[in-house]
Amino acid sequence: MVIYLDYNATTPLCDAAREAMLPYLGRHFGNPSSVHAAGREARGAVDDARDKLAALLRAKPHEIIFTGGGTESCNLAVLGLARCGSLRGGHIVSNKAEHHAVLNALEHLEQHEDFGVTWLDLSRDGIIDLDQLAAAIRPETRLVSIMTANNETGVIEPMREISKICRERGVLLHSDMVQAFGKIDTDVSLVDAASFAAHKFYGPKGVGFLYLRSGLSIQPIMFGGAHENERRPGTENVAAIVGMAAAAEWTLRDCESEQEREGHLRDELWTRISQNVPDAKQNAANAPRLANTLNVSLLGLDSEMLLIALDLEGACASSGSACMVGSVVASHVLLAMGLPIERARSAVRFSLGKWTTADEIKAAGDAWRKIVDRLNTRKSAYAVA
């Protein structure tokens, strides 16, 4: 039995999304930019999906820009909004616990395009300092980018307070909402731009969207067509877009009760781990968190060793972001929270989803105990030798 506890990395495709996609993978294959009947049919499907997503977000259809995923959406928001000023360079505010889709875009602006970036401090539970945010915003500040919910720890930032600070100072606010959608209320009225990815809410991989508040300009980061109102060129992935809208509707249908269920299972998993392994430390335990996310460190054992051992026991987990091409390194999120390097190197993220069962949680807790006992025995044997 495979125990899949890596839903923050990706989710299985739900039946609703698969069924919605099938016609556009077969006979309804037209290019949505073509003027003939087949093209108009595809365009109608894209427009319907846009309308559905806008309604779910309480937004306007033209505020939805389809992209190739969450990373592209974050890049388009950060680079596209920052570059909209009349002069080269400027100032941006963010923090070092962001996903690399935001971090690397900001580092590019900082290193190659004369932008200054203020990196906000985080508490040891991963919450940004609101007073520092307010003080960091300057007349030349073009953008603040703060993720709604962290992909590694599940920590939920105080977006209402962050929004109030940005609005009072007249600065644009972007939020990476990739992990938040379908788990907590994602109120796009609080922000000017927000990024989403379908495969985090039971939709297909390779598709996402950017919410961009009506009236805002954005510079495209790719060129070659007038698609998406000249904001994102390239033929739309019709089947994936249709599947994304269907998955969003399906995910939100029972969001509140499902998150309550996952929260109970998450707490049960921590209880089992802490009882079996007294040295385990729960990261961001005192912060508001996504109900499905548990981040645990076991000092003295590195993440890679733990993940390999879990895999051999049939349990799928992660050390953090799944976008680092299989690499296992010390968590940049935990380091940004001021936790010691030993704790960041030994972190494992468990993330639950709609198909997680109580039996799987019990099995995962048992597997964790066996693994730690075996690794500690091996370490003792090496020490004696």
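## The largest cavity

Helix 9 (residues 255-276) gives the most to the lining of the largest cavity, namely four residues. Helices here are DSSP runs of H or I with at least four residues, strands are E runs with at least two, and both are numbered from the N terminus. A cavity is found on a 1 Å grid over the protein atoms alone, as a set of points where a 1.4 Å probe fits but cannot get out, and a lining residue has an atom within 4 Å of a point. This is a predicted model, where local features need pLDDT of at least 70 and side-chain atom pairs count only at pLDDT 80 or more, while totals for chains, interfaces and linings use all residues. Residues are numbered from 1 along each chain as its sequence is written, and side-chain values use heavy atoms, with hydrogens and water left out.

So how much space is in there? About 110 Å³, where a volume is the space filled by probe spheres set on the points, and grid points are joined across faces, edges and corners. The lining has 18 residues, and Gly182, Lys183, Tyr202, Gln259 and Glu262 are the closest to the centre. Sorted by class, the lining splits into six nonpolar, six polar and six charged residues. For that sorting, Ala, Val, Leu, Ile, Met, Phe, Trp, Tyr, Cys and Pro are nonpolar, Asp, Glu, Lys and Arg are charged, and the others, Gly among them, are polar.

Searching the whole structure turns up two cavities of 30 Å³ or more.

A pocket, by contrast, is an open set of points with protein on both sides within 12 Å along at least five of seven lines. The second largest pocket holds about 150 Å³. Among its lining residues are Thr148, Glu157, Arg160 and Asp185, and the classes come to five nonpolar, two polar and four charged.

## Salt bridges

Side chains of opposite charge can pair when their charged atoms come close. Count a salt bridge whenever a side-chain nitrogen of Lys or Arg is within 4 Å of a carboxyl oxygen of Asp or Glu, and you get 23 of them. Take Arg58 and Asp185, which meet at 3.3 Å, N to O. Arg58 sits in the loop between helix 2 (37-57) and strand 2 (64-67) and Asp185 in the loop between strand 6 (172-176) and strand 7 (193-197), so this pair ties together parts that are 127 residues apart in sequence.

Are these two buried or exposed? Arg58 is exposed, at 56% relative accessible area, and Asp185 is exposed at 56% too. The cut-offs are under 20% for buried and over 50% for exposed, with partly exposed in between (1.4 Å probe, protein chains only).

Now try Lys354 and Asp254, whose closest N and O atoms are 2.6 Å apart. They are 100 residues apart, and the pair links distant parts of the chain. Lys354 is buried at 15%, whereas Asp254 is partly exposed at 31%.
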